[in-house]
Amino acid sequence: KSTILNLIPRFYDPKSGHITIDNQRITNLTLDSLRKEIALVSQDVILFDDTIRNNLIFGNKNVTEKQIQNACIKANCHQFISDMKDGYNTIVGENGVKLSGGQKQRISIARAILKNSSIILLDEATSALDTDSEKIVQEAMDNLSEDKTTITIAHRLSTIKGSDLIYVIDKGEIVEKGTHDELINMNNIYKRLCD
C-alpha cells in the first residue's frame, strides 16, 4: 500500500500504465513542480536535531510567526509547544527523541499545513499512536485535509471512515471500493475488518 502511495510523488515510476492528476500525466511534470504540490505525513516522522521552529519551516522558510502559530493551532500542537520551557525554540533532539509519538506527528502535520500543498498523502500516520493520541492527531489530520485532495493509507477504521472513497486492498489487489456505508452493505472483506 505504501508503494502505491510512493508512486504519486514519483519516488518510483510504474513499469506499466500511468498516473494522472487533473488528466495530466505526472511524468510530464518536473519533479520540483509535482512535489511542490504534495505534502507527505507518514508514520515515520523525520525531525532534525534542531528547534521546533526550524523543523516546522523546513522547506518553507518564507512563513511568518503568525502562520507558524496558526498551523500549530490547527495541528493541535501549539499548546504543548507553548508549555515547553523554550517554546518554539526547544531543541527536539535527533529524530525528535525528546518528543512523544503524538507530538512528533502533530509537528509533522503542522509542517504540512505550512507547506500548503494541494495534495496530502497520509501513510499510516496514526498507526504507532495510543488511542488518546490518535484522537488528537486525527483531528489535526482532518484540519490538514480540509479542501485538499487527500490519499490515506491506513489500517485503523477511525482514520478512513469519513473518506469519500475507500479502496480495500487484499494480497496486492483492489478487491472492494466505495464509501464506508457502501462497503459495510457489501458484507464482504471491509465489513469483516470492521467487525
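Q: Which exposed residues sit on the face of H7 turned away from its buried side?

A: That face carries the exposed residues Asp132 and Lys135, where exposed means over 50% relative accessible area, buried under 20%, and partly exposed in between, with a 1.4 Å probe and protein chains only. Helices (H or I, at least four residues) and strands (E, at least two) are DSSP runs, numbered from the N terminus.

Q: Before we go on, what kind of model is this?

A: It is a predicted model, in which local features need pLDDT of at least 70 and side-chain atom pairs count only at pLDDT 80 or more, while totals for chains, interfaces and linings use all residues. Residues are numbered from 1 along each chain as its sequence is written, and side-chain values use heavy atoms, with hydrogens and water left out.

Q: OK, and how many residues does H7 have, and how far does it reach?

A: H7 covers residues 131-145, which is 15 residues, and from its first C-alpha to its last it reaches 20 Å, close to the 21 Å expected at 1.5 Å a residue; the expected span is 1.5 Å times one less than the number of residues.

Q: Which residues of H7 are buried, then?

A: They are Ser133, Glu134, Val137, Gln138, Ala140, Met141, Leu144 and Ser145. Seen down the axis of H7, these buried residues fall within an arc of 170°, so they line one face of the helix, the arc being that of the directions from the helix axis to the C-beta atoms.

Q: And what do they pack against?

A: The buried residues of H7 pack against strands E3 (38-42), E4 (119-123) and E5 (149-153), and against helices H4 (65-74), H6 (101-115) and H8 (157-160), with contact meaning heavy atoms within 4.5 Å.

Q: What follows H7 in the chain?

A: H7 is followed by Asp147, which has a positive phi, near 60°.

Q: Switching to H4 and H6, at what angle do they pack?

A: The angle is about 130°, and their axes are 8 Å apart; axes are lines fitted to C-alpha atoms, for helices over the stretch in contact, and angles run from 0 to 180 degrees between N-to-C directions. H4 and H6 are therefore oblique to each other, since angles under 35 degrees count as roughly parallel, over 145 as roughly antiparallel, 65 to 115 as roughly perpendicular and the rest as oblique.

Q: Which residues meet there?

A: From H4, Gln67, Ile68, Ala71, Cys72 and Lys74 meet Ala110, Ile113 and Leu114 of H6.

Q: One more: where is Arg53, and what does Arg53 touch?

A: Arg53 lies in helix H3 (residues 52-56) and, at 19% relative accessibility, counts as buried. Not counting residues up to four places away in sequence, Arg53 touches Glu65, Ile68, Tyr88 and Asn89.
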